[in-house]
Each structure stands twice: as structure tokens, then as C-alpha cells.
Amino acid sequence: MSKVFFASTRVTKWKYSDSMAGKLETMLKTIDLSQYFEPKEWVAVKTHFGSEGAHRIVRPVFLRKVVEAIKAVGAKPFVTDTVRIKGLDYLEVANQNGINHLSVGAPVVLADGLYGNDNIMVRAGEILGEIAVASGIHDVPAMVVCSHVKGHIQAGYGGAIKNLAMGCVSGSHRHCGWRCGRGAMHTIGEGKLVWDESKCTLCLQCQEICPLEGIYFKDHKFGYDDDLCWRCGRCTRVCPEGAITLPGGDDETFMRSLSEAAMAVLSTFKPKKVLYVNFLTEIQPECDCMPAAEVPVIQDIGILLSDDLVAIEKASVDMLLHQKPLPASLAEDEKVRDGSDILFELHKKPYMLQIQEAERLGLGSSQYEIIRID
Ligand code: SF4
Ligand code: SF4
């Protein structure tokens, strides 16, 4: 049985040790980081910087606790993410969302460089072949993967597997572009965008959200650069009229490709050099890369910590399955019923396949025991 430490968000004693920051500090001491990290060893603290309007990320106060715990064993942490938008702009987003050297107590750097193409090709598997792992992740000997658990337009559930897979793989590769970067997963089994002119009101929200600036309107007709488009699905998600669709998606292969990419990233580390912290807080329906943060659909649950990827993901999902949909949220709009799988009902994606495939690939065990930190 793999150990998964759990600290509830609920407060029963009004003192620092019962706060989320205090409990995280206790968890990190309990797992004993000296078992994982050597003095002077560089340790990446992988997080997601969010977007200009998406503030429900792992908060800087928690990143700082992880940084301090790593420093306490003599290792050298840095906080990192891979480029989503232009690198300089993304560092500004991090700063705006409160993630900077002063707040987290360690350098904040882009793992795949300012242009998002600083990476190293790594063997993945039968679906992806090779994939471009960000060099700052590839070369570092140890890592703590801090993941904000939430829903996701394409993955259904976004946790540690997705943070490793999409999050540690570079946006694009210097020689082959997005096809061996993050887009390699997004485009799995996807067809071409379809525009329904009769529904379109020319609001241009799709054009505004495209991260690659690939959408254009000529003579009031939608067009997009098919070669540039990596099928991220954002334009389909924001269209208020349902005028853009992306038919032909192969959800099963996509979920499996996430686990395969996670395996490729982990293959660059020796055993027992990667830890995972999942934050089951502010569980909104969409990814933190969207231009705005929705209200949570599930109440705050707590923080999980483990050295087993599969165990922490399984434990996270098991906890989500026991929650009620929150009122005045998308879950209520969509009439999600008590007792149902809320994230599945919202996105209709078979996200459990991520975890099952990760276990099949030997990335951990779904058999876990919860150790409560109260
Ligand atoms: S799916 Fe839409 S938003 Fe995403 S890259 Fe393609 S055109 Fe742009
Ligand atoms: S978001 Fe939808 S309605 Fe608005 S311009 Fe794009 S396709 Fe048309």
C-alpha cells in the first residue's frame, strides 16, 4: 500500500498548526524530504502560473512552504512552469499572480526557456513516440510536482498526471514545432475545427482566446490556420453559440497519451526523486490556463502528499467522488445531481483512464492508505 498523506481544509483549532500552511509544513516534515533530496541538489518545484485572469492556482504561500522544506534539507529549489504564452508575458503573469522570488523564496524560471522551445527529445511510447521534455525538467535531478486539482475541457480531470504530461512538456520543439511538444497530446485523434455560420454572431471571442493567434475572419467567414492549430479546444469552449466544434476526438487515446507523456518525463528521474502535492481546493470546472477562473463546483477538501503518482491521483479522485456539487456554480447550471461524478458530468470525459493507464505503465499503485495530518 502506498502512503498518501492528507490534511483537511477544515479548521478545528484556531491556531497556525491547524491552518493549511501549517498542515502542509507538518506533512512535509512527516514524509522526511531528506529521504528524497541530497544537500546542494537542485529541486524543481513544478507548478502552473495560471493566466492573467485565472487566479485559482496553487497559492504562493504553499509554494513557499515547499521551498522552505526543500531548503531545510540543504537542497536548492527553484519554482518553474513551461511556457503557455510568450515567455516574457508568462513571467509577468506569474508575478501578477503572486509567484516571484520574493514571495516563494526561490528563483522563478521557465523550464523550457523564454521561447518555449528549449527542450530535449525523450522516448515516450507507442502513442507519442518521442516527446519534447522541457530542459529545466529533463536535467534537474529531483522535483516536487504541485498540482491544483480541477476540471479540464479535454482531460476531464486535471491533477498530477496532467501537470507532468502537458505541464513538463515544452510548448514546441525548435525543429519540429508543436507536433512533438504539448500539441502532440492535444491533437491525438482530433479532427478539424468545424464552423457553423448560421450560429455565429461574430463576437470574436474565439479569435481572442486562441493562444496561437490562429483564427481569422475574412468577409465575416471563420478561418483558422490548420497547420498552426494544436486542437487545444479553447475556441470551442468559449463560443457562446456552439458555433465551433471539434469532432472526431479519441478520448481514450488522449487519456492514455497523457500517462505516456508523464512516463517519459519521469524517465528522466531516478526512482524516489519525485514527490507530488495535490491541492483539492478551489476546484473549478476548467483549467487554470483559461482566461478567467470560474467559481468552484466542489467544496475545498484539502491537500494530499505522496511519492506515488498513481496513489495520489486515485486518492484525489476518490475524494472528489464523495462530494456534493456546489450551488450557484456550473454544476448547478448543468443540473449535476448529488452522488454523481461531478467532473465527469461536466465534461463527459473518461478521465479515470489517465490513472488506470499510469498504473499499467508502472508509474505507481492505486492501492493506497491515507495518513491523516490533523
Ligand atoms: S483549437 Fe482553437 S483556440 Fe486552440 S489552437 Fe486551434 S484554433 Fe486556436
Ligand atoms: S466565438 Fe462563436 S459566435 Fe463568436 S465569432 Fe467565434 S464562432 Fe462566432
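Biologist: What span would you expect for helix α2 (residues 60-72), and what does the model give?

Modeller: α2 has 13 residues, and 18 Å is expected at 1.5 Å a residue. The rule is 1.5 Å times one less than the number of residues. Helices (H or I, at least four residues) and strands (E, at least two) are DSSP runs, numbered from the N terminus. Mind you, this is a predicted model: local features need pLDDT of at least 70 and side-chain atom pairs count only at pLDDT 80 or more, while totals for chains, interfaces and linings use all residues. Residues are numbered from 1 along each chain as its sequence is written, and chains are lettered from A and ligands numbered from 1 in the order in which they are written.

Biologist: Which residues of α2 are buried, and what do they pack against?

Modeller: "Buried" means 20 or more other C-beta atoms within 10 Å of the residue's own, "exposed" means 12 or fewer, and "partly exposed" is in between, with C-beta atoms placed from the backbone. In α2 the buried ones are P60, F62, L63, R64, K65, V66, V67, A69 and I70. They pack against α1 (20-31), β2 (42-46), β3, α4 (101-104), β7 (142-148) and β14. After the helix comes G74, with a positive phi near 90°.

Biologist: What makes F78 buried or exposed?

Modeller: F78 has 20 other C-beta atoms within 10 Å, so it is buried. It lies in strand β3 (residues 76-81). Beyond residues up to four places away in sequence, F78 touches W42, A44, V45, A106, P107 and V109; a contact needs C-beta atoms, placed from the backbone, within 7 Å. F78 and A106 are 28 residues apart in sequence, yet 5.2 Å apart in space, C-alpha to C-alpha.

Biologist: And N278, buried or exposed?

Modeller: N278 has 28 C-beta neighbours inside 10 Å, so it counts as buried. This residue belongs to strand β14 (residues 274-280). Leaving aside neighbours within four places in sequence, its contacts are S147, V149, G159, A160, L304, I312 and S316.

Biologist: Two of those sit in helix α11 (residues 309-320), judging by the numbering. Why is that helix called largely enclosed?

Modeller: Ten of the twelve residues of α11 are buried, so the rest of the structure largely encloses it. I312 and S316 are among the buried ones, along with E313 and K314.

Biologist: L204 and E282 each have a positive phi without being glycine. Where does each one lie?

Modeller: L204, with a phi of about 70°, is in the loop between β10 (194-195) and α8 (205-209). Its 11 C-beta neighbours inside 10 Å make L204 exposed. E282, with a phi of about 45°, lies in the loop between β14 and β15 (302-306). E282 has 21 such neighbours, so it counts as buried.

Biologist: How many residues are in the largest nonpolar core?

Modeller: It has 106, and V45, L63, V66, I131, V133, A261 and A262 have the most contacts inside it. A core is a set of buried Ala, Val, Leu, Ile, Met, Phe, Trp, Tyr and Cys residues joined through C-beta atoms within 7 Å. Helix α10 (residues 251-266) gives the most to this core, nine residues. There is a second, separate core of ten residues that includes L193, W230, A243 and I244.

Biologist: Which residues are closest to each ligand?

Modeller: "Near" means a C-beta atom, placed from the backbone, within 6 Å of the molecule. For ligand 1, 13 residues surround it, the closest being C210, C229, C232, R234 and C235. Ligand 2 also has 13 around it, with C200, C203, C206, C239 and A243 closest.

Biologist: What domains does the assignment give?

Modeller: Domain 1 (2-184 + 250-372) and domain 2 (190-245), with bounds from an automatic or database assignment. Their centres, taken over C-alpha atoms, are 28 Å apart. Eight residues from domain 1 and five residues from domain 2 make the contact.

Note on methods
Two residues are in contact if their C-beta atoms, placed from the backbone, lie within 7 Å.
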